[in-house]
Amino acid sequence: MVNLVKGQKVELTKSNPGLTKINAGLGWDVNAFDSGTAFDLDAEVFLLGDNGKVTSDSDFIFYGNMTHPSGAVEHTGDNRDGAGEGDDETIRIDLSRVPESITRISFVATIYDAETRNQNFGQVRNAFIRIYNPDTNEELIRYDLTEDYSIETALIIAELYRHNGEWKFNAVGAGYQGGLEAICRGYGVNV
């Protein structure tokens, strides 16, 4: 397993020959003393072309659109409280089914209704993404977010991207204000 830091990139398929199916597990905990209002963090996935934008709104995978038309990406469901150990939300990916027009897969986390609830990622701890082989449960890559995102309501956590026919992983860790709507607009999703 490879533990990454922000900005680090690593091979995924080249160092794991024959790997086509992966799972991305995202997890987090909320600080119990912070808000008193329940947190509902959501994982979203954006399938992007060379221009960094979706090719259609169906390239935006989330609790309201759980499967990409190609079958390449599937969101397994919304965890509304982040309670418990391990992954809070899981994304299944079949790299062999990702359309050729898609060159990046971006993993995002947002806080549902963050502005109304006066919540931000500074109130979230132990956030991570891990890429693992669903057949063996072997964890291949892990990125723990350690920064204090005290004003951000959306995070681009990481991305998979195609390079010379192989998939690589990039630990992005970029925070944004404006929540899911701002991220959607940036990626070209009609909101």
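The model is predicted, so local features need pLDDT of at least 70 and side-chain atom pairs count only at pLDDT 80 or more, while totals for chains, interfaces and linings use all residues. Residues are numbered from 1 along each chain as its sequence is written, and side-chain values use heavy atoms, with hydrogens and water left out.

Let's start with the rings. A search of the whole structure turns up 4 aromatic pairs (rings of Phe, Tyr and Trp, the last by its six-membered ring, with centres within 6.5 Å; planes under 30 degrees apart are stacked, over 60 edge-to-face, the rest tilted). Phe46 and Phe60 are stacked, at 4.7 Å centre to centre and 10 degrees between the planes. Because Phe46 sits in strand S4 (residues 41-48) and Phe60 in strand S5 (residues 60-61), their pair ties together parts 14 residues apart in sequence (strands are DSSP E runs of at least two residues, helices H or I runs of at least four, numbered from the N terminus). Phe46 is buried at 0% relative accessibility, and Phe60 is buried at 6% (buried is under 20% relative accessible area, exposed over 50%, partly exposed in between, with a 1.4 Å probe and protein chains only).

Ring pairs link Phe46, Phe60, Phe62, Tyr63 and Tyr187 into a cluster.

Now for the loops. Asn118, between helix H1 (114-117) and strand S9 (124-132), has a positive phi near 55 degrees and is exposed at 64% relative accessibility. Asn137, in the loop between S9 and strand S10 (139-144), has a positive phi near 65 degrees.
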